[in-house]
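Please open the model in your viewer and keep the sequence beside it. The tour below goes from one selection to the next, with a short note on what to find at each stop.

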Amino acid sequence: MQCTRCGSEGVIINRKYSGQLLCSDCFIETTRKKVMRDIRKYKLIERGDRVLVGLSGGKDSVMVIDILDELRERNIIELEAVTIDEGIGGYREDGVKIAGKICAERGIPHRVVSLKDYAGITLDEIMENPSRSACTYCGVFRRWILNREARKSQATKIATGHNLDDETQAIVMNYLEGNLENLTRIGPMTSSAGGRFIPKIKPLREIPEKEVALYVLARGLEVHLAGCPYASGSFRREIGDFLKQISVKRPTIMYSTLRGFDRIKEILRRDLQGSRKSGVCAECGEPASGKLCKACTFIDELKG
């Protein structure tokens with residue numbers, strides 16, 4: 001097999017959805033160009049933006065910071081990173097070390113914040129007597145902490161490592177659960193609730209998860225590879241396994257899911273516009289649809 005771009009025989013990937021065979025150099029080049037093209041297409045970043053990356057040390061967020069670092073070096077953006085330690089013993093520590101090392105090597109400002117400091121409890125402690133799934137707690141608290149950290153550093157954008165698999169999983173999950181309000185929040189850049197949310201961007205939204213893994217491998221980037229111990233058995237994991245299974249025979253299915261959703265999203269948003277509530281949490285001052293935001297509601301419940 002030969003690379004369809006340069007003719008090299010060192011092919012590392014067969015992109016079945018596009019018919020491309022690519023060597024390592026051409027794969028890296030085309031992937032970076034695609035991410036940059038999506039950044040321009042969806043206007044995710046503007047010159048002068050101060051971008052805060054949620055850096056876990058895993059493959060997705062490491063790829064994001066690797067690509068955005070090019071924009072920092074060209075003096076287009078300011079870049080910094082924050083790592084959230086949820087308090088998962090034997091798991092998060094390695095990711096924290098790798099995130100710190102990556103930022104130190106590149107001279108990118110980096111800090112570590114913990115769920116314990118913000119909520120007074122770790123995820124391990126929550127899961128000793130949970131009333132919800134770990135993913136539900138983690139997702140709410142991570143969004144809450146990232147928004148607050150972005151405010152502290154006066155960031156204009158929050159960049160996360162959500163890839164194509166993550167995005168299609170979220171679309172299918174919310175379809176199946178009938179969460180129309182949640183569906184309207186899915187996209188390359190989050191909408192702002194009364195200007196209180198720092199816009200969240202997803203530069204890897206159209207990059208398949210396996211290509212993210214191949215990218216960090218081809219680039220020789222150190223990443224935290226261990227999976228979260230609380231992920232097994234989650235609804236998201238079930239949907240992810242289903243999508244991967246049907247993608248074997250239908251390699252374009254995730255892209256068609258994404259494109260189809262993007263076509264109806266604005267219709268959904270307009271339809272639900274009148275039912276949206278936006279206010280401020282009485283406890284923390286963050287955006288809330290009721291008296292308290294989701295994070296403060298969870299904290300109150302956990303205190304008993």
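Begin with the aromatic rings, of which the rule finds 5 pairs, where rings of Phe, Tyr and Trp (its six-membered ring) pair if their centres lie within 6.5 Å, and planes under 30 degrees apart count as stacked, over 60 as edge-to-face and the rest as tilted. Select Tyr137 and Phe298, an edge-to-face pair with 5.2 Å from centre to centre and 70 degrees between the planes. This pair links distant parts of the chain, since Tyr137 sits in helix H6 and Phe298 in helix H12 (residues 294-303), 161 residues apart; helices here are DSSP runs (H or I, at least four residues), numbered from the N terminus.

Keep in mind that this is a predicted model, in which local features need pLDDT of at least 70 and side-chain atom pairs count only at pLDDT 80 or more, while totals for chains, interfaces and linings use all residues. Residues are numbered from 1 along each chain as its sequence is written, and side-chain values use heavy atoms, with hydrogens and water left out.

Next, colour domain 1 (42-273) and domain 2 (279-303) separately, with bounds that come from an automatic or database domain assignment. In contact (heavy atoms within 4.5 Å) are 14 residues of domain 1 and 13 residues of domain 2.

Finally, look for the 2 salt bridges that the rule finds across this interface, each a side-chain nitrogen of Lys or Arg within 4 Å of a carboxyl oxygen of Asp or Glu. Then select Glu301 and Arg132, whose side chains meet in a salt bridge at 2.5 Å, N to O. Helix H6 (residues 134-152) gives the largest share of the side of domain 1 that touches domain 2, namely 8 residues.

Technical notes
Helix = DSSP H or I, 4+ residues; strand = E, 2+ residues; numbered from the N terminus.
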